[in-house]
Amino acid sequence: MTYLNRRTVMAAGLAATTALTIAGGAVAQDAPTLRLSSVVSDNDIRAEAFAKISEAVSDQINLEVYNGATLVPQGTEMTAIQRGNLEMGLLAPQTIAEQIPEWSILTSAYLFDDADHLQAVFDSEVGETLNALAEEAGVHVLAPVYFGTRQVNLVGDEKVETPEDLSGVTLRMPGGDAWQFLGEAIGANPTPLAYSEVYTALQTGAIDGQDNPLPNDYNMKFYEVTDQIAMTGHLVGFDVLAIGTDVWDGMSPEQQEALQGAVDEAIAESTERHIAREEELVQFFKDEGLDVYEPDREAFREFAQQKYLESEFAESWPEGMLEQINGLAE
């Protein structure tokens, strides 16, 4: 069964349960207003998914979506939820790991094979363990939101075949220790820079490159100011769609089921669209004149995994969890 079909079946079951409950005479609570903050642009596939969720639950929940970090700054969503200043947010796992060190295992390079592996982990005991830790911190996880696999996008025509070839390359990475270490783990010299400033930095030569999934490269038009994409595939990119634990607990069972069902269906469709889009964009970037190629991924994988195992990040990983995650790969 495909990712989309599996999650759609689950969503259909939840929707049917909700309908039966309402038909049986249950009286729903007043529709709560939930504000969802995300950093994605309005033309992003994920923004369309959030709009579909809002529409699907509109009879029970007033879901207001704020994209482009227009409601709270990027990276502050989790704190805003915990303080009661925000109901829902799209959280980077790196942000969660700053408060819950065990989550740092999800930020390591070459952990997941693909989107199916990612979802399998969240559906497993591993996911239950990590989600319970988030719950204790005041955040209820609704779903992992896949947005593509990160690749290295560079200025210049000197090919990158191994991590050693990235030595001395100034690679923009998001701020935060986990992100910066990821840059080091693939051999580069990482530097933090706001997402909105990356295009100009590439254009002026302030940085040598950046890493993002292909759909992000397209949405932000990075292909206009770069020359190549090394398909390192070093990180299966995802964020976490979450809601405040107190907010979730304050909703009726019918409202919870409606929201979870809408999330499962919309995010499954978003995932399938991202996978298809990644395949299309390889040819698009080639047509735009970029050199798109696959380096020695095994060399990158061995280099990165060794870096992580020797780092302080690995010290916080729950015993046996890495093996459990590896065992869930198809």
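The model is a predicted one, and residues are numbered from 1 along the chain as its sequence is written.

When neighbours within four places in sequence are left aside, Ser37 touches Tyr66, Leu71, Val72, Glu77, Leu86, Met88, Gly89 and Leu90.

From this residue the reader may turn to the open spaces of the model. Rolling a probe the size of a water molecule over the atoms shows where empty space is left. The largest pocket holds about 700 Å³ of space. Its lining consists of 30 residues, and those nearest the centre are Val39, Gln74, Arg172, Pro174 and Tyr195. Several elements take part in this lining: β3 (88-91), α4 (93-99), β4 (139-154) and α9 (214-219) each contribute at least two residues. Helix α4 gives the most, namely 3 residues. By class, the lining of the largest pocket comprises 12 nonpolar, 11 polar and 7 charged residues.

The second largest pocket contains about 230 Å³ of space. It is lined by 14 residues, of which Asp114, Tyr146, Thr149, Ile275 and Glu278 lie closest to its centre. At least two lining residues come from each of α5 (115-122), β4 and α11 (253-287). Here α11 gives the most, with 4 residues. The lining of the second largest pocket divides into 6 nonpolar, 2 polar and 6 charged residues.

The last stop is a pair of helices. Helix α7 spans residues 177-185 and helix α12 spans residues 297-309; their axes come within 9 Å and cross at roughly 135°. Because of this angle, α7 is oblique to α12. On the side of α7, the contact is made by Ala178, Phe181, Leu182, Glu184 and Ala185, while α12 takes part through Phe303, Ala304, Lys307 and Tyr308. Sorted by class, the contact of α7 with α12 has 7 nonpolar residues, 2 charged residues and no polar ones.

Methods
This is a predicted model: local features need pLDDT of at least 70, side-chain atom pairs count only at pLDDT 80 or more; totals for chains, interfaces and linings use all residues. Side-chain values use heavy atoms; hydrogens and water are left out. Axes are lines fitted to C-alpha atoms, for helices over the stretch in contact, and angles run from 0 to 180 degrees between N-to-C directions. Angles under 35 degrees count as roughly parallel, over 145 as roughly antiparallel, 65 to 115 as roughly perpendicular and the rest as oblique. Contact means heavy atoms within 4.5 Å. Ala, Val, Leu, Ile, Met, Phe, Trp, Tyr, Cys and Pro count as nonpolar, Asp, Glu, Lys and Arg as charged, and the others, Gly among them, as polar. On a 1 Å grid over the protein atoms alone, a cavity is a set of points where a 1.4 Å probe fits but cannot get out, and a pocket is an open set with protein on both sides within 12 Å along at least five of seven lines; lining residues have an atom within 4 Å of a point. Grid points are joined across faces, edges and corners, and a volume is the space filled by probe spheres set on the points.
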